[in-house]
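Please look over the sequence and the model before reading the points below.

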Amino acid sequence: MNALKKLLPTRLMAGLRYIRHGRLSWDRTLPSADLSSAMTTKEEQALFTKSVRDVAKLQGQVIDLGCWLGSTTISLASGLRDLNDSGKVYAFDRFTWEPWMDLYSSEHWCDYLPGESFLPETRRRMGDLKPWVVLVAADLTTYHWDNGPVRLLLVDAMKSWRLTTSIAREFYPSLVVGSIVLHQDYLSYNHPWLSVLQYRLRDYMRYDTCVSHGCTATFKLIQQIPPDVLTAAINFSLLSDDEAERSWLWSLAVIGERARGTMACSKIMYHLGKGDIERSKRLLSESGNEHIEPHNLLTVQQDIAKAESGDHSWAEMNADR
Ligand SMILES: C[S@@+](CC[C@H](N)C(=O)[O-])C[C@H]1O[C@@H](n2cnc3c(N)ncnc32)[C@H](O)[C@@H]1O
């Protein structure tokens, strides 16, 4: 770029920038992308960037579901930039501030009222990575994807049975063989549906790796998922406790000890989601607590206590399968 700047007249450079950025920027350069607010660890961010390199030879889009202030998006987009890849990261979110978001961003504490849009802030944070990013404001419970094949899908928005169904229904059919799915919540204490989904699709997607710090586990598509198999896999209405149990055991078998505490929590939260407080308490005491990370243990205990005091928000959110 600097060599070009010396060779080409200023106005021509400005014209080229106009074509690239869609507006007159004269001699201004965009600031660096801003990763200061993130719900992901450095290890996860490095894995996201590396995963873009791993799918470099495949055709298809790179997708980030539930980008919030963009730590996932920036990690993916920098992978594209490093490769000189003209592709873009399609980053989805409702971009609507919710009270819990204050807890994760001291920078924005009290900046937004619940319901306000933070889309411009996410865009600002993209900085010099803007040319590699398309931000899409959408509700993923109803969004329909028809923008072609997908080579990388980062999922940080499967927050309920319902979102798991709608996201898998819309995006899994577009995955190309060899594509990577990064489940950012797989090793989180309260996403029992992720194991169920991946267990049901185990003949089509192979577990690949997971992080030591953070909750991400990755899967690779080894063969296209037939439509009827996917339809059955995302129908959770008839899920039995036995099948759910088998899915956590499967996750434990393929991931190993790293998943033990998480899968124990998934089971407790699954039964809490069904409104069975007594069973959740029994499972928690039987688990012996030894494999559950202290902050997860505390959160599970708090969630059970909330349910006991009549706050059934967890169960209500997950009743809808
Ligand atoms: C845990 S945050 C994502 C954090 C982010 N990936 C990061 O890098 O720091 C989950 C995001 O999912 C979004 N989300 C939740 N439900 C959604 C829906 N139905 N449609 C679109 N986005 C949704 C939320 O707005 C939130 O920003």
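The model is a predicted one. The domain assignment divides the protein into domain 1 (42-233) and domain 2 (256-319). A ligand is surrounded by 18 residues.

**Domains**

- The C-alpha centres of domain 1 and domain 2 are 25 Å apart.
- Domain 1 contributes 10 residues to the contact, and domain 2 contributes 13 residues.
- On the side of domain 1 that touches domain 2, the residues comprise five nonpolar, five polar and no charged.

**Ligand shell**

- The closest of the surrounding residues are Met39, Gly66, Trp68, Ser71 and Leu140.
- At least two residues of the shell come from helix H4 (71-82), and at least two from strand S2 (89-93).
- Sorted by class, the shell consists of eight nonpolar, five polar and five charged residues.

**Helix H4**

- At 1.5 Å a residue, the 12 residues of H4 should span 16 Å, and the 17 Å between its end C-alpha atoms agrees with this.
- H4 is mostly covered, with 10 of its 12 residues buried.
- The buried residues include Ser71, which is also among the residues closest to the ligand.
- The cover over the buried residues of H4 includes helix H3 (42-54), strand S1 (61-65), S2, helix H5 (119-126), strand S3 (133-137) and S4.
- Asparagine 84 follows H4 and has a positive phi, near 60°.

**Helix H12**

- The 15 residues of helix H12 (residues 294-308) should span 21 Å at 1.5 Å a residue, in agreement with the 21 Å between its end C-alpha atoms.
- Asn296, Val300, Asp303 and Ala307 of H12 are buried.
- These residues cover an arc of only 60° around the axis, so they lie on the same side of H12.
- An α-helix has 3.6 residues a turn, so residues three or four places apart point the same way.
- Pro294, His295, Leu298, Gln302, Ala305 and Glu308 are exposed on the other side of H12.
- Glycine 310 follows H12, and its phi is positive, near 100°.

**Serine 160**

- Serine 160 is located in the loop between strand S4 (150-155) and helix H6 (161-171).
- Serine 160 counts as partly exposed because it has 18 C-beta neighbours inside 10 Å.
- Serine 160 and phenylalanine 48 are 112 residues apart along the chain, and their C-alpha atoms are separated by 23 Å.

Methods. Residues numbered from 1 in each chain as written. Predicted model: local features only at pLDDT ≥ 70, side-chain atom pairs only at ≥ 80, totals over all residues. Helix = DSSP H or I, 4+ residues; strand = E, 2+ residues; numbered from the N terminus. Expected span 1.5 Å × (residues − 1). Buried ≥ 20, exposed ≤ 12 C-beta atoms within 10 Å, placed from the backbone. Arc of directions from axis to C-beta. Near = placed C-beta within 6 Å. Nonpolar A, V, L, I, M, F, W, Y, C, P; charged D, E, K, R; others polar. Domains from an automatic or database assignment. Contact = placed C-beta atoms within 7 Å.
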